[in-house]
Amino acid sequence: MTLSTWSSPERPLSHHEQIVRTLGMEILSGALPVGVNLPPEPDLLVRFQISRTVLREVMKTLAAKGLVVSKTRVGTKVQDPTHWNFFDADLLSWRVSLGLDDAMRRHLYEMRSAVEPRAAALAAKRRTPEQLADMRRAVARMAEPGHNRRSFAEADLAFHVAVSAASGNPMMRSLAAVIEAALLASFSLSSPVDETVLQQEVVDSHAAIADAIEAGDGAAAAHAMLAVIDSGFGRLDLPDPDAA
């Protein structure tokens, strides 16, 4: 498992994908504001040097991500963020590339806190020996010396993906893109590899999740998972928006 947001894509983007990414990031950044129409079709055809067929496919892709809506005689309009599909791996990747503000980091934390502890509890009941072995391998990778931020994050992500897969719930497994973005948000500011003692603490806390899952203790697995998420969020040192 690799962190696509930490590096360039493993394969070159097609022309269609490049255009989708360009327009998508312009929407997310506000260069194409909410409520406005995208430039007229002739302008987009000239800008990107594409056919009408390709442009229609681009608009379908953006619409599927919730970014735009097309209406006859109205045009293609940028949707309100409430319609944006933040479970879409591309959309999250673009958002991370643009930089995550405090609110977005907090939203990621809240989502993980609501779902991942439950996934760990289910994994304690449903995991297979192979899935547990995947978790142990990920922990062992995290414990290796000489990590940089990217390599440690890849091992960390592999662990969380293994837990979500072991939950037996495919919807939880689909949250990998959210987990990836959250890990990047954390490590871009404060990575455990910056301090040897902290790295070992993070490794041990992940091992505790695997121990509880192996023991079939769902409550302990959920508690250990929440502790890991809380610790990562705490390293961001963000202001509390709910504080008086």
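**Reading the salt bridges**

Modeller: From the N terminus on, the chain runs α-α-α-β-β-α-α-α-α-α-α-α-α, where helices (H or I, at least four residues) and strands (E, at least two) are DSSP runs, numbered from the N terminus. This is a predicted model: local features need pLDDT of at least 70, side-chain atom pairs count only at pLDDT 80 or more, and totals for chains, interfaces and linings use all residues. Residues are numbered from 1 along each chain as its sequence is written, and side-chain values use heavy atoms, with hydrogens and water left out.

Colleague: How many salt bridges does the structure hold?

Modeller: Side chains of opposite charge can pair when their charged atoms come close. A salt bridge here is a side-chain nitrogen of Lys or Arg within 4 Å of a carboxyl oxygen of Asp or Glu. The structure holds 12 of them. Lys65, Asp88 and Asp90, for instance, are linked in a network.

Colleague: Are Glu116 and Arg112 buried or exposed?

Modeller: Buried means under 20% relative accessible area, exposed over 50%, partly exposed in between (1.4 Å probe, protein chains only). Both Glu116 and Arg112 are buried. Their closest N and O atoms are 2.4 Å apart, and the two residues sit 4 apart in helix H5 (residues 102-126), about one helical turn.

Colleague: And where do Lys60 and Glu57 lie?

Modeller: Both are in helix H3 (residues 52-64), 3 residues apart. Lys60 is exposed at 54%, while Glu57 is partly exposed at 37%.

Colleague: Which residue forms a salt bridge with Asp101?

Modeller: Arg95 does. Asp101 is partly exposed at 39%, whereas Arg95 is buried at 14%.
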